[in-house]
Amino acid sequence: MSFSGVKLPEFDTLVTRHTAAAMQIEELTSLLYGELNGAGLDTAPAERIRRLAAQVGQEAEDLRKRQGIVREIERLKVPLGPAAATGTLIAMPDSLQQAQGQLDGTAAARAAKAAAAGDKNALKQLQAYAAKARDATFVKAFLSQLGAKGVTELPATIAGQLKAAASAGGTGQASKEAREAMRLLATALAKGTNPSDPAYMGDAFLTDLVKHGRSEFKLNGIAYYGYQAQAMIWQASEGNPPFSEKFMQVVGRDAIVFEKEKFEDRWKAFKDAIGSALGSQQVPMADLATTLGVTQWMIPRPPRSAQRSSPSTSRGSILAQRSSTTCSMRRPAMRKLHKPCSTTRPPDGSSRSCATC
Amino acid sequence: MPGLDREAMQAAMSRIQKLSDYNWWVLHASCTLMEAQAWVGPSGTRFSDTVHKSQQELRAMLAKAVSLAQDELARAK
């Protein structure tokens, strides 16, 4: 691919000179029209120049927008293309919209990484990009810079920060930022994992999500599996855009298999004679927000008050849906994977599940 | 519409010529900077083509205005 970008300081001079030219031609238009008209001559030349003035004005405006992106690239030190041989060339996508999307996506990923590394101000910066999450170029830049690992770790870090904030007396602003960040992640992930979306990251990204979903991570000494963190993103999704069939088949299905692998022994114990006698429950793998008790500050649509009274065993499962009274497979993100069974959970909160789940 | 008398037309012609002279080079810097590859890539190339054409057209219109004024001056008595 050939180089696309600008050369400094020539580009800056171009912006200044073209902007000045637009103003000068605009002025010429009215003066020339006045002279031709006053002398009783054909005003067509002035009218044609008026159209040129409008065109040059528009060009100058586009140039200034591009210059704004160049300044941001310099300020944030985010390269948007291959490094040029000399420092005076700055690479950027040809399309202005793509350049802006790529810049924002890269900057947002940087804020996300900083947040994951414990920078408390970074979530606020990330929040500023919430409205961009539907732009495909933004999503691609954001997810490719963050990677499946970053996508997995970020919600965990956010949950950890909320836990700390709650212990310190209040979640207030942190909760608003956390919800926005989770919504952004959910939208980006749904788009980036949908093969029919222009933001699709490719099959390898889905495989990476599975790999990190099964990996063990640590947060302030608490060990968790990647899926327990990724599950918070699924829960933050408002279903628009929805997660794709492909995502369900690759990641969703594996999460179910993984939960079974990890918890089968415990579930068997629940069914054996001693377990039953002791009244033990079939405890599903909990997502991290539930484990840390921060769900209400983190997930955009908190469970209804009626559900708060039900035990966490049915609410915080990585596969659980928001309503705790139906089979966990009825959770919207999982619906396409598995036809929901009709088993309902008793309102008393015991966690009897259907055979499949 | 009746034209200006010769003296007034001479003055008008002179002002139009000045406008033409003053604006003849208005897009020259943009053209030169694009030739110096201030902005490269498909959009940059399109802009470069457009700005060169704009310069040509602007000069053609300035020349046309001057020529209209000169012809009128020649007719004025």
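**View 1. Helices α2(A) and α3(B) run roughly antiparallel to each other.** The term is set by the angle between the axes: under 35 degrees counts as roughly parallel, over 145 as roughly antiparallel, 65 to 115 as roughly perpendicular, and the rest as oblique. This is a predicted model, in which local features need pLDDT of at least 70 and side-chain atom pairs count only at pLDDT 80 or more, while totals for chains, interfaces and linings use all residues. Residues are numbered from 1 along each chain as its sequence is written, and chains are lettered from A and ligands numbered from 1 in the order in which they are written. The two helices pack at an angle of about 155° with their axes 10 Å apart, where axes are lines fitted to C-alpha atoms, for helices over the stretch in contact, and angles run from 0 to 180 degrees between N-to-C directions. Helices (H or I, at least four residues) and strands (E, at least two) are DSSP runs numbered from the N terminus. The crossing is left-handed, a term used if the near helix is turned anticlockwise from the far one by less than a right angle, with right-handed used if clockwise. On the α2(A) side the residues that meet α3(B) include A:Ile49, A:Leu52 and A:Val56, and on the α3(B) side they include B:Phe47, B:Leu58 and B:Met61. By class, this contact holds eight nonpolar, two polar and four charged residues; Ala, Val, Leu, Ile, Met, Phe, Trp, Tyr, Cys and Pro count as nonpolar, Asp, Glu, Lys and Arg as charged, and the others, Gly among them, as polar.

**View 2. The side of chain A that touches chain B.** In this interface 32 residues of chain A are in contact with 32 residues of chain B, two residues being in contact if their C-beta atoms, placed from the backbone, lie within 7 Å. The elements of chain A that give two or more residues to this side are β1 (5-7), α1 (10-38) and α2 (44-76). Its largest share, 15 residues, comes from α1(A). The residues on this side of chain A divide into 16 nonpolar, eight polar and eight charged.

**View 3. An open sheet of three strands has the order β2(A)-β1(A)-β1(B), with antiparallel pairing.** The edges are taken by β2 (89-91) of chain A and by β1 of chain B, each with a single partner strand, so that one side of each is left without a neighbour in the sheet. β1(A) pairs with β1 (residues 39-40) of chain B in the antiparallel sense over two bridges; strands pair if DSSP finds at least two bridges between them. Within this pairing, A:Val6 has B:Trp39 as its bridge partner, and A:Gly5 has B:Val40. A cis peptide bond, with omega about 5°, joins A:Leu8 and A:Pro9, and A:Pro9 is found in the loop between β1 and α1 of chain A.

**View 4. Within chain B, α2(B) passes α3(B) in a left-handed crossing.** The axes of α2 (residues 28-35) and α3 (residues 42-75) come within 9 Å and cross at roughly 150°, and the two helices are therefore roughly antiparallel to each other. B:His28, B:Ser30, B:Cys31 and B:Met34 in α2(B) meet residues of α3(B) that include B:Val51, B:His52 and B:Gln55. The contact has four nonpolar, five polar and no charged residues. In the loop between α2 and β1 of chain B lies B:Gln37, whose phi is near 60°, a positive value in a residue other than glycine. With 16 C-beta neighbours inside 10 Å, B:Gln37 counts as partly exposed; a residue is buried if 20 or more other C-beta atoms lie within 10 Å of its own, exposed if 12 or fewer, and partly exposed in between, with C-beta atoms placed from the backbone.

**View 5. β3(A) and β4(A) form a hairpin with two residues between the strands.** The strands, residues 216-219 and 222-225 of chain A, pair in the antiparallel sense over four bridges, and the bridge partner of A:Glu216 is A:Tyr225. A:Asn220 lies in the loop between β3 and β4 of chain A, and its phi is near 45°, a positive value in a residue other than glycine. A:Asn220 is exposed, with 10 other C-beta atoms within 10 Å.

**View 6. A:Thr295 is buried, with 22 other C-beta atoms within 10 Å.** A:Thr295 belongs to helix α12 (residues 295-298) of chain A. A:Arg179 is 116 residues away from A:Thr295 in sequence, and the two are 9.9 Å apart in space, C-alpha to C-alpha.
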